[in-house]
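This briefing takes up the overall form of the chain shown below and then turns to two of its residues.

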Amino acid sequence: MDSRERLQPLFTAVRGVAAEQTQLAETVIAFAESGMMLVNAADALGIHPNTVAYRLGQWYKPTRSNPRTFAGLVRSVVGITG
């Protein structure tokens, strides 16, 4: 059974923000790839860990998806990459 139509609304905000705010989306992906470690994500992006934390907060505001939680991170990554 294809669930894409039912799940689409969950990712609409994420996809829109990812398209408009590529730097925030890049930070979310780096955070996921670094095992949810701010310092590792910061090293991968060449920025300060506080900048990563700030960007993750900025991501949450329009998407209502908190990448610092597992569920929010999965929703964000699926929305960005899917």
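The model is a predicted one, and its chain has five helices and zero strands.

Overall form
- Along the principal axes, the C-alpha atoms fill a box of roughly 40 × 20 × 15 Å.

Burial, contacts and charge
- Of the 82 residues of the chain, 30% count as buried.
- Among contacts in the chain with a separation of 6 or more, 57% are accounted for by residues 24 or more positions apart.
- The chain carries 8 positive and 6 negative side chains, and the centres of these two sets lie 8 Å apart.

Ser76
- Ser76 belongs to helix α5, which covers residues 70-81, and it counts as buried because its relative accessible area is 0%, where the cut-off is under 20%.
- The side chain of Ser76 makes a polar contact with the side chain of Ser65, at 3.0 Å.
- When residues up to four places away in sequence are not counted, Ser76 touches Val14, Val28, Trp59 and Ser65.

Thr27
- Thr27 lies in helix α2, residues 22-33, and is likewise buried, with a relative accessible area of 0%.
- Leaving aside neighbours within four places in sequence, Thr27 is in contact with Leu45, Val52, Arg55 and Leu56.

Technical notes:
Residues are numbered from 1 along each chain as its sequence is written. This is a predicted model: local features need pLDDT of at least 70, side-chain atom pairs count only at pLDDT 80 or more; totals for chains, interfaces and linings use all residues. Side-chain values use heavy atoms; hydrogens and water are left out. Helices (H or I, at least four residues) and strands (E, at least two) are DSSP runs, numbered from the N terminus. Buried means under 20% relative accessible area, exposed over 50%, partly exposed in between (1.4 Å probe, protein chains only). A polar contact is a pair of N or O atoms within 3.5 Å; within protein, one must be able to donate a hydrogen and the other to accept it, and residues adjacent in sequence count only if both atoms are side-chain atoms. Contact means heavy atoms within 4.5 Å. Lys and Arg count as positive and Asp and Glu as negative; His and the chain ends are not counted. The place of a charge is taken as NZ of Lys, CZ of Arg, CG of Asp or CD of Glu.
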